[in-house]
Amino acid sequence: MRVAGTRTYAAPREQVWQVLNDPAEMAGLMPGVESFEIEDETHWKAKVKVPLGLGSMRMSINFEQTESQPPEHARLHAKGNGVGAIMSMETAFHLSEEAGGTGMQWEADVRIFGQVASMGQRVIQPIVNQQVQNVLNAIDERVSATQAEGGEAAPETGSSAAEEGVHPGSPEAYSKEPEGPTQSA
Amino acid sequence: MSSTTTAPERVEAPQKGFAGQSIPRKEDRRLVQGQGVYADDVRRHEMGYVHFVRSPYAHAAITSIDVSKAAALEGVYGTLIGEEVAALTDPFFQLSVPPGSEIKDYALAVGKVRFVGDTVAAVVARTRELARDAAELVEVEYEPLPVVIDPQRALDDGAAVLHEDAGSNLVWEGTFDWGDFDAALAEADRVVRIDRLHFDRFSSTPLETSGAVVEYDRGTGQWTLHANNQFPGFAIIMMGPALRAGMDKLRFVSQDIGGGFGNKICTHPQLVALCLLARKLNRPVQWTEWRTDQHTGNSHGNERVFLDVEVPVKADGTMLGFRCKAIDDAGAYSRYEPLGCIIWAQVTPGLYRWRNVHIDFTQVVTNKSPCGPNRGYSRMQHLWFTERLIDIVAHELELDPVEIRKRNYIRAEEMPYETPNGCVYDSGDYARCLDIALGLVGYDGLEERRKEAESRGKLLGVGIGSTLDSGTNNFGQSQLLNPDLQFSGNNEVATVKLDIFGEVVVTLGTTPQGQSHETTASQVVADLLGVTPDDVQVRAGHDSYWNTHAGFSGTYASQFAVTGLGAVKGATEMLADQIRRLAAVILGADGPEGIELDGGFAKRVDNPEAALPFMACGAIINANNAGLPPELDDVTLNCRYVYRPPFQVPDTERKFGNLTLTYAMQIHVCVLEVDPETGVYEILDYAAVDDCGRRIHPQIVEGQVHGATAHGLGAAMFESFPYDEEGTPLAANFYEYHVPHALDMPPLKTDAIESPSPFTSLGTKGMGEGGGASIHAVCAALQDALRAAGNAIVTDSHNPYHRVWELLENPEASRALVRVEAS
């Protein structure tokens, strides 16, 4: 499943890049992360609890940063293992300077294999949507916090409607917004 | 006529002439009391439980397997991986010619996986749960590969190749050409062309999944498999060479089996893995397949696409044959395939007098669960196709579906009828059965019901499904695929003996899965020996060590009533003759013909007072045999008979010959009502008329008719095994794969006629598979209903509500696939 979108931050590109490239900080902000470990500059590990229909699934995920061109572009590969599921994700973002801020184009290709993929087809797509929104929210929060620390204004363009606590299957989770993800199967 | 809606009929045992009566079933006492013994009931001291690690990928290279964490867990007894299997066994024998013959298939995946559910490793532990948990600790690294899902794309340039040894995804291809199709085109007034018809992938879901307890005796080098495999003859042929063991080292034992339907034939890969584990760990091992594994990793029914179909038709509705291309999707491995490429030819023209047939047949592998026999195996796909042809032709030429059938049906007076490819339909009266079925649903009043439905905004449709259930294979048909194969004919065995206390004991070579072999065998024996079925002890189950095992022993392909009962009859006649010879000597009669068997006695015909009880006969031969005259030297009262049907080896050049001995027939009529807003439909009325020759036990036959009807309705309406574009199966459990419940069944009206087979010793025909008539009938009824709402053509065998909605929304898409041209 491919998801992609754009986002604008009212902060300088270097500042956004700093947030996006601080995995430990990011992990702390993302929901569902139970532990996080940095192996070296380009390899990280996380244990994540993913909501799945009526229950949840624990996954061990290995991240590898496969490309990095500060402050413009980075690419990440993630592979996760859980009981009855394997997750594989390729994700990348491009940062561009725009008037008064930074534009971000991002994309992710998420693949799930195993029994969970067979049984959970109906819930996987909204879950991926929700997780993506959670990541974007985390970035927003972190950028605005960094801005606040620097005594500057909060971001001017908004975050996501898929707030924490919204059930991934609920209609709110699907609600379109200008900068939300677009999908193609 | 009988009906499921009436109270159960009271069954009373007659005093004589037991064959033909619905006597109480012998099996029921133990089964209704929960005293059956299934594979999962078998327990052995210190046995270990096996869990298979299965592939989450449809196609991937295995880069590493690490079992160390699982093996280190307390209570884990051991593991097995593909490299060990490749070192210890040979690949399973392949039936095809190149390139399919080059496929290397082992008990576990070696080097790569080819479908989701492919077995990668096995873990054995103290408990089932521990084995399953430990299996999660097996670390397998995969390198995913591109997948092949669509059989029509499997041979494209650049398509990923599943089996590098074969070098192609082709399993088998060949042309079947009988009659003169070009002449038929010239003779026809019209030609109906259909671009594509599709028979969907589904399977059977026996209540009992596959399973086994396997023991290895290091002293004798022998394995004992308490397995629910339904065709031990085939399993032993596959497993012996793979395990590099003599066939006698594989002892198959089963008692009760909870449904088979064909998908308990190809369990030999798992059984070989169990054999290796039992030997490696020096401990009995137990495996019961999980339901999800049954859905994703057991054999599925063949998916088939029919392309570029041409049907020459005369102005009066006489159809002269057909030409098409067929592509069969075998899934990832050919484990019983490519036999599906020939088995359809048992019923080449369906029930019709079509003489000119041309099929270019191709079978390919795809990254899906392997296919294999499934109730109606390969003929069901083909008979659905012939029924679609008749209904699409009728629809397009505005001919009556009843009249066009009667015009094209093979007639009762033409029986026995030789088909264009040399099969001989033994007996039957199709038109008469159709009339009976139409009467059951009140066909003459249906136009009024249609109007009444219209007044409520509903679409009423009626459809006919006429089908054949060909039984008792001539395994020589395998030579039409591969002339080097050394299989032909068929056989089954039974022993019947008289024991010391006069007990009649019958042993069968079959592996019943609910078909009541103990009951029907006792009926046949009772009539021949002049006793009652209660006097006949039929051993439950099968044991290949009982000397009641022949090369093709098992229960499959609609044959017990012919081969199994044929063997029982043969052995019983031998025993009856021996009893008469013995009694003639003891009672001083002129010869065996001077003795009759009646009421458990051997009596002199000329003086019934001179009678020897069976108990005395059994005691004399078995325990009191001093001083018997030499002419009784060969009398053992323990008689073994192997029934061999009268077959010839088919002509491999012309692909011509008799491929099956009997042709049971079913005609179904379905009346349904469609909601044009939603595509939801409901079956209002349903009739099934069966002709399987002489019925030994009509109630058991009726049960098979009900089961086959339900099975077909499931396939028509609910049951499908779809895959996504990554090769992930989307119906991995009963949540997604809906099997009809009792409440999903329509009111069912049944009737039967009996056209005894002239070719079988009892006049019987096998009939357990049913031929998928309900799939054909539902498709026909839907097409009839949709006539008034866009006139869509039903081109798929599987029509869930959303598919019907598509046909209603966009009938042009299906209509574009069909054309009528002047010849």
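## Exercises on chain B of a predicted model

In this predicted model, Ile390(B), Asp391(B), Val393(B) and Ala394(B) of helix 10 of chain B meet Pro401(B), Ile404(B), Arg405(B) and Asn408(B) of helix 11 of chain B.

**Exercise 1.** Determine how helix 10 and helix 11 of chain B are arranged relative to one another, and which classes of residue make up their contact.

*Solution.* Begin with the residues named above: by class, the contact of helix 10 with helix 11 of chain B holds five nonpolar, one polar and two charged residues. Next take the geometry, in which helix 10 (residues 379–396) and helix 11 (residues 401–408) of chain B pack at an angle of about 125°, their axes lying 9 Å apart. Because of that angle, helix 10 of chain B is oblique to helix 11 of chain B; the perpendicular class runs from 65 to 115 degrees and the antiparallel class begins over 145. Finally, the sense of the crossing in which helix 10 of chain B passes helix 11 of chain B is right-handed.

**Exercise 2.** Describe the domains of chain B and the side of domain 2 that touches domain 3.

*Solution.* The domain assignment of chain B gives domain 1 as 39–145 + 209–257 + 264–297, domain 2 as 174–203 + 299–476 + 650–818, and domain 3 as 492–643. Taken over C-alpha atoms, the centres of domain 2 and domain 3 of chain B are separated by 42 Å. Where these two domains of chain B meet, 21 residues of domain 2 are in contact with 18 residues of domain 3. On the domain 2 side of this contact in chain B, the elements that give two or more residues are strand 19 (459–473) and strand 28 (660–674), and the largest share, four residues, comes from strand 19 of chain B. Sorted by class, that side of domain 2 of chain B consists of eight nonpolar, 10 polar and three charged residues.

Notes:
Residues are numbered from 1 along each chain as its sequence is written. Chains are lettered from A and ligands numbered from 1 in the order in which they are written. This is a predicted model: local features need pLDDT of at least 70, side-chain atom pairs count only at pLDDT 80 or more; totals for chains, interfaces and linings use all residues. Domain bounds come from an automatic or database domain assignment. Two residues are in contact if their C-beta atoms, placed from the backbone, lie within 7 Å. Ala, Val, Leu, Ile, Met, Phe, Trp, Tyr, Cys and Pro count as nonpolar, Asp, Glu, Lys and Arg as charged, and the others, Gly among them, as polar. Axes are lines fitted to C-alpha atoms, for helices over the stretch in contact, and angles run from 0 to 180 degrees between N-to-C directions. Angles under 35 degrees count as roughly parallel, over 145 as roughly antiparallel, 65 to 115 as roughly perpendicular and the rest as oblique. A crossing is left-handed if the near helix is turned anticlockwise from the far one by less than a right angle, and right-handed if clockwise.
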